[in-house]
Amino acid sequence: MANSIIWFRHDLRLADNPALLAAVEQGGPVVPVYTWSPEDEGEWPPGAASRWWLHYALAALDADLRKLGSRLIIRTGRTVETLVALVREAKATAVFWNHRYEPAAVQIAKDVENALRRQGLCVGEFHGNLLFDPRVTLNRQGGPFQVFTPYWKHCLSAPEPELPKPAPGRLSRPRQWPSSLSLDALRLLPTIKWAEGIAETWVPGERSASDRLTRFIEKALSDYSTGRDRPEKTGTSRLSPDLRWGHISPRQVWHAVKRSTRRQSPRVAKQAEGYLRQLGWREFAHHLLVHFPHTPEEPLRPMFARFPWNGSSEHLRAWQHARTGYPLVDAGMRELWHTGWMHNRVRMVVASFLVKHLLVPWQEGARWFWDTLVDGDLANNTLGWQWCAGCGADAAPYFRIFNPVLQGRKFDPDGGYVRRWVPEIAGLADKHLHEPWAAKATDLAECCIRLGRDYAEPIVDHAEARTRALKAYDRLRGRPDR
DNA sequence: TTTTGAGTTGTTCGA
DNA sequence: GTCGAACAACTCAAA
């Protein structure tokens with residue numbers, strides 16, 4: 001019986017994996033392979049936090065495969081050459097994979113397909129990582145959607161996503177395994193120890209993803225609409241890294257959430273709808289990336305190419321290193337650095353702060369997130385930053401500038417989040433926690449805090465920065481100073 | 001083709 | 001302290 005290869009990419013799971021099932025359905029032995037090919041990722045090879053995740057994700061995938069009597073073959077090098085060589089070595093006659101939507105990944109898959117077809121192989125590409133195929137989701141003019149609400153309405157009017165398929169029970173192994181690198185040989189882990197916080201926070205892998213989904217549905221879904229805005233709580237699913245790496249498929253999430261609301265009150269159904277809408281944003285982000293592949297680097301709205309950014313590199317560094325003097329911003333940046341993840345509400349606040357208060361180009365923020373997030377996903381990252389900067393699809397009105405103090409009071413009213421990540425000001429009373437500079441000298445002294453020594457003074461004044469941002473937008477639109 | 005309605009997540013000001 | 005209105009007009013989607 002001929003061997004089939006499953007080429008794992010952003011789908012590091014055994015359940016609901018159409019490419020894996022296709023390989024199994026060939027009836028012969030299956031060779032699972034991952035090829036580490038950062039040079040084929042164009043401008044966006046995985047960042048440091050992503051590499052950490054990938055290391056443990058591959059270890060978990062290998063362990064899961066072994067339970068089915070199989071194993072993971074690891075290779076490195078340019079993708080096309082690597083796969084062509086492996087096909088020959090493994091005497092394979094078919095190769096299967098699931099589609100990826102990043103421009104560089106689309107190109108590589110095309111090259112792989114051409115090369116393999118030339119060798120007379122059977123190849124199959126599947127769609128397992130989105131609910132709706134962005135290439136067929138089009139408006140009545142036959143073009144891509146650029147506003148979320150009509151996009152999502154259109155998706156919801158389409159046939160419901162298929163039910164997820166279970167993992168295969170067993171994988172038959174080839175008579176002889178092709179050679180494989182050891183996982184350590186990929187050198188994905190950092191050489192200096194900075195990832196301990198990430199390791200304390202996350203366990204990459206399919207099992208962990210499915211547990212996280214279950215916990216979310218049981219504990220947080222029924223209160224999602226308010227819980228999701230409280231960064232100190234686990235009010236969100238925190239499935240972003242799992243979806244990014246494909247430890248879980250959006251179809252599994254969709255149907256598990258839907259199933260859980262059966263025989264529940266309409267209120268809970270409403271909460272579930274709100275959560276699924278967030279999956280819709282992930283779909284929308286991929287839809288935009290497919291149709292506007294230049295957007296990771298360039299604004300979707302061309303006018304913004306001439307935005308008068310004039311932020312300094314010192315301000316960028318202060319933001320990166322959580323020394324802005326705005327507690328909510330600094331808390332978020334420390335959560336990111338420590339855990340490789342940041343709560344979505346806080347992502348918006350820190351992004352708005354970098355782009356609007358500091359006038360640093362959104363691309364700088366996107367790059368930093370890319371390097372530090374374990375869920376670094378090109379589609380989501382691009383959409384999020386462009387949305388915050390006001391240059392993307394469904395852009396926020398330009399005058400919408402988050403006030404980090406008000407956002408702190410509103411979404412971290414008890415200060416649990418700021419106190420956790422900015423312990424040096426934890427002693428301050430709630431009313432001063434989000435604006436320590438407004439506290440009386442005696443209050444600060446009582447907590448042994450001197451601004452500028454124990455915690456940063458604000459690097460910009462909110463009101464001034466706001467006016468400056470509004471003026472910059474005015475200039476962009478060709479209007480004289482107010 | 002033209003027109004109409006609507007658009008994730010906010011802040012500030014003044015009554 | 002609370003509440004509603006203004007912010008400023010633009011783009012997209014659909015009728």
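Let's start at DNA strand B in this predicted model. Of the 18 residues around DNA strand B, the nearest are Phe 148, Thr 149, Trp 281, Asp 394 and Asn 403; a residue counts as near a molecule or strand if its C-beta atom, placed from the backbone, lies within 6 Å of it. Two or more residues of this surface come from each of α5 (148-157), α11 (266-291), α17 (404-411) and α21 (462-476). Those labels are DSSP runs numbered from the N terminus, with at least four residues for helices (H or I) and at least two for strands (E). By class, the surface near DNA strand B has 10 nonpolar, five polar and three charged residues. Here Ala, Val, Leu, Ile, Met, Phe, Trp, Tyr, Cys and Pro are nonpolar, Asp, Glu, Lys and Arg are charged, and the others, Gly among them, are polar.

Now for DNA strand C. The residues around it include Asn 139, Arg 140, His 154 and Phe 399. The surface near DNA strand C splits into five nonpolar, four polar and one charged.

A word on bookkeeping: residues are numbered from 1 along each chain as its sequence is written, while chains are lettered from A and ligands numbered from 1 in the order in which they are written. Because the model is predicted, local features need pLDDT of at least 70 and side-chain atom pairs count only at pLDDT 80 or more, while totals for chains, interfaces and linings use all residues.

How is chain A divided into domains? The assignment, which is automatic or from a database, gives domain 1 (3-128), domain 2 (130-163 + 206-291) and domain 3 (302-473). The centres of domain 2 and domain 3, taken over C-alpha atoms, are 27 Å apart. Across their boundary, 16 residues of domain 2 are in contact with 20 residues of domain 3, contact being C-beta atoms, placed from the backbone, within 7 Å. On the domain 2 side, α11 gives the largest share, five residues.

Next, look for an open sheet of five strands, in the order β3-β2-β1-β4-β5 with parallel pairing. Two strands pair if DSSP finds at least two bridges between them. At the edges, β3 (73-76) and β5 (122-126) each pair on one side only. Strands β1 (residues 3-8) and β2 (residues 30-36) pair over five bridges, and Ile 5 stands opposite Val 31 in β2.

After α2 comes Gly 69, with a positive phi near 80°.

Key
Contact = placed C-beta atoms within 7 Å.
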